[in-house]
Amino acid sequence: MDKLVADLQEVFRRVFDEDELEINEATSAANVGGWDSMAHISLIVAIEKRFGVRFTASDLASLAGAGQNVGTLVKLLRAKTAAGGVGSS
Amino acid sequence: MIRDFVERLALEHNRALPLYKRVCRPDGKQWAEYLRRHGNLYQMGTGCSILPSTRIIDPAYTRIGNRVCLGSCTLICHDGAIEMLYQRHHLRIDRVAPITIEDDVFVGEGAILLGGTTVGEGSIVGAGAVLRQSVPAGSIVMGNPAKVVGKVEDMIRFWEAESMGLPWAELIAKREGAFDPAMEPELRRLRQEYFFKTAR
């Protein structure tokens with residue numbers, strides 16, 4: 001599994017309190033129990049902490065609605081990695 | 001003119017209350033002002049909005065801060081079970097505790113706040129939540145029993161971003177406050193087109 005997706009999976013497992021949860025880039029809110037609008041906020045805040053990034057208003061807008069999926073998250077995180085914005089802790 | 005007279009009777013003299021409700025149909029801000037003057041709350045701040053359908057069962061033990069917004073919720077400071085316990089077991093029990101709602105709190109439709117709880121400054125209590133424990137400032141609380149599910153400061157970032165992406169974002173950017181009757185017909189049309197593909 002891609003390192004970034006594996007790290008994201010750890011965050012998902014913690015936020016949704018599900019040790020066996022597995023994700024991939026096709027995973028969306030429809031596939032994860034409890035991934036509602038409030039959990040989405042907790043998830044994004046946890047991802048920001050884990051990766052040492054801060055999503056902009058434009059990023060957050062792209063993560064709403066149809067963009068509420070792992071693929072969009074990975075794309076945004078990769079762009080920030082390329083820009084040198086991702087921390088390691 | 002009759003409306004003004006009835007309103008003055010109610011607000012200044014605490015009289016003709018049913019008539020005031022029926023004729024003037026006070027909005028949240030007007031009803032909050034009535035409660036501030038005559039509601040017998042232990043303490044109540046200014047700039048609040050409280051719907052007339054809100055039930056404040058024990059005003060003497062209720063403290064409400066400034067700019068608090070209450071939907072049709074219920075605030076209960078006592079436990080009514082003690083009457084039954086006295087009748088059945090001859091127990092002499094007291095079960096009364098205060099409710100404190102700090103400044104800038106919003107409480108949604110159908111929420112129930114029980115005695116002994118404090119809602120911290122700037123918090124949001126979601127619709128239907130049943131609050132049995134105090135929550136710290138800036139919390140978002142939901143469910144029964146109510147739990148803190150997030151922070152208002154985090155939610156604001158998301159809601160702002162979502163609002164910016166809406167087809168009617170330009171109108172919202174110009175709107176003062178949460179509701180502008182002059183803007184509403186156009187907003188309704190745009191929302192209906194977006195939600196249902198056609199406006200009515």
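Helix α5 of chain B (residues 152-164) lies across β11, β13 and β14 of that chain, at about 55° to β14(B). Angles run from 0 to 180 degrees between N-to-C directions, with axes fitted to C-alpha atoms, for helices over the stretch in contact. Contact means C-beta atoms, placed from the backbone, within 7 Å. Helices (H or I, at least four residues) and strands (E, at least two) are DSSP runs, numbered from the N terminus.

This is a predicted model: local features need pLDDT of at least 70, side-chain atom pairs count only at pLDDT 80 or more, and totals for chains, interfaces and linings use all residues. Residues are numbered from 1 along each chain as its sequence is written, while chains are lettered from A and ligands numbered from 1 in the order in which they are written.

Now the sheet. It is open and mixed, with six strands of chain B ordered β2-β5-β8-β11-β13-β14. Strands pair if DSSP finds at least two bridges between them. β2 (49-50) and β14 (147-151) of chain B are the edges. β11(B) and β13(B) run parallel, paired over two bridges. There B:V125 has B:V141 of β13(B) as its bridge partner.

B:V125 also belongs to the largest nonpolar core, of 34 residues, where B:V107 and B:V125 have the most contacts. Such a core joins buried Ala, Val, Leu, Ile, Met, Phe, Trp, Tyr and Cys residues through C-beta atoms within 7 Å; buried means 20 or more other C-beta atoms within 10 Å of a residue's own, with C-beta atoms placed from the backbone. Beyond its neighbours within four places in sequence, B:V107 touches B:L70, B:G71, B:C73, B:L113 and B:V125. A second, separate core of 19 residues includes A:L8, A:I44, A:V45 and B:F158.

Notes:
Buried ≥ 20, exposed ≤ 12 C-beta atoms within 10 Å, placed from the backbone. Contact = placed C-beta atoms within 7 Å.
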